[in-house]
Amino acid sequence: SDHKPLPQPTAAVIKPAVAVLSDEKGGTVNGGDTVSTGWTARELNTVRGESWFVSGSFDGLGGTNKDFTLEPGTYEIEAFAPFYSTAYTQMRLYDKTNSSIAIVGTNNQTVTSNGFINGPVYGVLNITASTEYNLQYRASTAVGTYGLGEDSTFSAAGDKSVYANVKIRKLK
């Protein structure tokens with residue numbers, strides 16, 4: 001008989017696109033002052049990876065951009081940023097377009113005299129319209145110069161200190 005088997009259904013293969021937003025400064029430049037007066041946006045001046053789904057005024061090394069916009073879709077977000085001697089500290093992803101909290105980060109605490117944390121934010125977003133966000137923090141202790149992280153002290157050409165990373169994985 002000339003009977004051929006029917007084609008089998010194949011599972012959809014999802015190849016996520018990934019962009020990373022960072023706060024990059026020179027190797028001997030400290031992260032900056034923390035404030036202890038409510039939620040404050042962190043700088044995100046650099047974008048790397050596949051960035052076709054994210055936009056913003058990314059102004060590069062040492063820049064002061066804080067906001068970014070995501071196109072409609074489903075995203076997995078992981079964000080980390082250092083803090084130094086800030087006591088009770090928390091981060092969140094804030095939805096500026098809708099004035100709402102998109103993802104709440106974990107609670108963190110350092111000793112106020114000499115402690116370091118790298119506070120994480122993790123979650124999934126389902127966005128139906130282009131939406132602007134920023135990465136915010138609040139800290140119970142204001143710390144000058146080093147509050148947003150201490151420099152790497154490396155000063156060779158091309159050395160950097162990185163004070164925030166937001167990994168954005170576009171799932172669909």
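What percentage of the 172 residues in the protein chain do buried residues make up? Buried residues make up 44% of them, where buried means under 20% relative accessible area, exposed over 50% and partly exposed in between, with a 1.4 Å probe and protein chains only.

The model is predicted, so that local features need pLDDT of at least 70 and side-chain atom pairs count only at pLDDT 80 or more, while totals for chains, interfaces and linings use all residues. Residues are numbered from 1 along each chain as its sequence is written, and side-chain values use heavy atoms, with hydrogens and water left out.

**View 1. The protein chain as a whole, with 0 helices and 11 strands.** Helices (H or I, at least four residues) and strands (E, at least two) are DSSP runs numbered from the N terminus, and along the sequence they give the pattern β-β-β-β-β-β-β-β-β-β-β. The radius of gyration of the protein chain is 20 Å, well over the 16 Å that the globule rule gives for 172 residues, so the chain is more spread out than a compact globule; this radius is taken over C-alpha atoms, and the rule is 2.2 Å times the number of residues to the power 0.38. Along the principal axes, the C-alpha atoms fill a box of roughly 85 × 40 × 30 Å. Of the contacts (heavy atoms within 4.5 Å) between residues at least 6 apart in sequence, 75% join residues at least 24 apart.

**View 2. Strand β11 and its antiparallel partners β1 and β6.** Two strands pair if DSSP finds at least two bridges between them; β11 (residues 160-170) and β1 (residues 17-26) pair in the antiparallel sense over 10 bridges, with Ser22 standing opposite Asn165. Strand β6 (residues 73-84) is joined to β11 by 6 bridges, again antiparallel, and the bridge partner of Tyr75 in β11 is Lys170.

View 3. Val162 counts as partly exposed, because its relative accessibility is 39%. Although Val162 and Ser22 are 140 residues apart in sequence, their C-alpha atoms are 6.8 Å apart in space. Not counting residues up to four places away in sequence, Val162 touches Ser22, Asp23, Glu24 and Pro82.

**View 4. Strand β7 and its antiparallel partners β8 and β10.** Strand β7 (residues 88-95) is mostly covered, with 7 of its 8 residues buried. It is joined by 7 bridges to β8 (residues 100-109), where Ile101 is the bridge partner of Tyr94, and by 7 bridges to β10 (residues 131-139), where Tyr133 stands opposite Asp95. The strands β7 and β8 form a hairpin with 4 residues between them, and Ser99 in the turn has a positive phi of about 50 degrees.

View 5. Ile117 counts as buried, because its relative accessibility is 11%. Leaving aside neighbours within four places in sequence, Ile117 is in contact with Ala81, Pro82, Phe83, Thr89, Asn108, Gln109 and Thr110. The C-alpha atoms of Ile117 and Thr86 are separated by 8.9 Å, and these residues lie 31 residues apart along the chain.
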